[in-house]
Amino acid sequence: MTQPGFPNLRVRWSPYRDTCHTVEWGDPAPDWWEDDAVFGRFYGYSEAAIAAFVRRHPQTPSSATSEPFPHGLVAR
């Protein structure tokens, strides 16, 4: 599938139960088991924002989720 401005465009099954498909482009996202810092860097958050998030949300096996950053986190 090609669309100008959207490199490596693809439609995939969604990992979320309330959504059937997702549209992605660019580099593939990190695997869900990666730590929050890897996700933060991939999505363009500053090192300061990543450090602040990790301090407030220590990741342990029992608290790890597939959604590493809440929608309200603002990168600075």
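The model is predicted.

**Salt bridges**

Side chains of opposite charge can pair when their charged atoms come close. How many salt bridges does a search of the whole structure find? The search finds three. The table lists them with the separation of nitrogen and oxygen.

| Pair | N to O distance |
|---|---|
| Arginine 10 and glutamate 24 | 3.3 Å |
| Arginine 12 and glutamate 24 | 3.2 Å |
| Arginine 41 and glutamate 47 | 2.8 Å |

Start with arginine 10 and glutamate 24, which form a salt bridge. Arginine 10 lies in strand S1, residues 10–13, and glutamate 24 lies in strand S2. The pair therefore ties together parts that are 14 residues apart in sequence. Arginine 10 has a relative accessible area of 16%. Buried means under 20%, so arginine 10 counts as buried. Glutamate 24 has 23% relative accessibility, so it is partly exposed.

Glutamate 24 also meets the side chain of arginine 12 in a salt bridge. This pair, too, links distant parts of the chain. Arginine 12 sits in strand S1 and glutamate 24 in strand S2, twelve residues apart. Arginine 12 is partly exposed, because its relative accessibility is 42%.

Now take arginine 41 and glutamate 47, which form a salt bridge of their own. Arginine 41 has a relative accessible area of 47%, so it is partly exposed. Glutamate 47 is partly exposed as well, at 48%. Which residues do shared partners join into one network? They are Arg10, Arg12 and Glu24.

**Aromatic rings**

A pair of aromatic rings is described by the distance of the centres and the angle of the planes. The count here comes to four aromatic pairs. One of them joins phenylalanine 39 and tyrosine 43, with ring centres 6.5 Å apart. Their planes meet at 10°. Planes under 30 degrees apart count as stacked, so this pair is stacked.

Phenylalanine 42 and tyrosine 43 make a pair with centres 4.8 Å apart and planes at 90°. Planes over 60 degrees apart count as edge-to-face, so that is the name for this pair. Phe39, Phe42 and Tyr43 form one aromatic cluster.

Is phenylalanine 39 buried or exposed? Phenylalanine 39 is buried, because its relative accessibility is 6%. Phenylalanine 42 has 33%, so it counts as partly exposed.

**A nonpolar patch**

Four side chains make a nonpolar surface patch of about 370 Å²: Phe6, Val11, Val23 and Trp25. Tryptophan 25 is found in a loop. That loop runs between strand S2, residues 21–24, and helix H1, residues 36–42. At 44% relative accessibility, tryptophan 25 counts as partly exposed.

Helix H2 spans residues 47–56. Which of its residues are buried? They are Ala49, Ile50, Ala52 and Phe53. These residues cover an arc of only 165° around the axis, so they lie on the same side of H2. On the other side, Ala48 and Arg55 are exposed. What covers the buried residues of H2? The cover includes helix H1.

Technical notes: Residues numbered from 1 in each chain as written. Predicted model: local features only at pLDDT ≥ 70, side-chain atom pairs only at ≥ 80, totals over all residues. Heavy atoms only, no water. Phe/Tyr/Trp six-rings, centres within 6.5 Å; stacked < 30°, edge-to-face > 60°. Buried < 20%, exposed > 50% of the residue type's maximum accessible area, 1.4 Å probe, protein only. Patch = residues over 30% accessible without salt bridge, like charges linked within 9 Å, V, L, I, M, F, W, Y side chains within 5 Å. Areas by Shrake-Rupley, 256 points an atom, 1.4 Å probe, with all protein chains shown as cover. Helix = DSSP H or I, 4+ residues; strand = E, 2+ residues; numbered from the N terminus. Arc of directions from axis to C-beta. Contact = heavy atoms within 4.5 Å.
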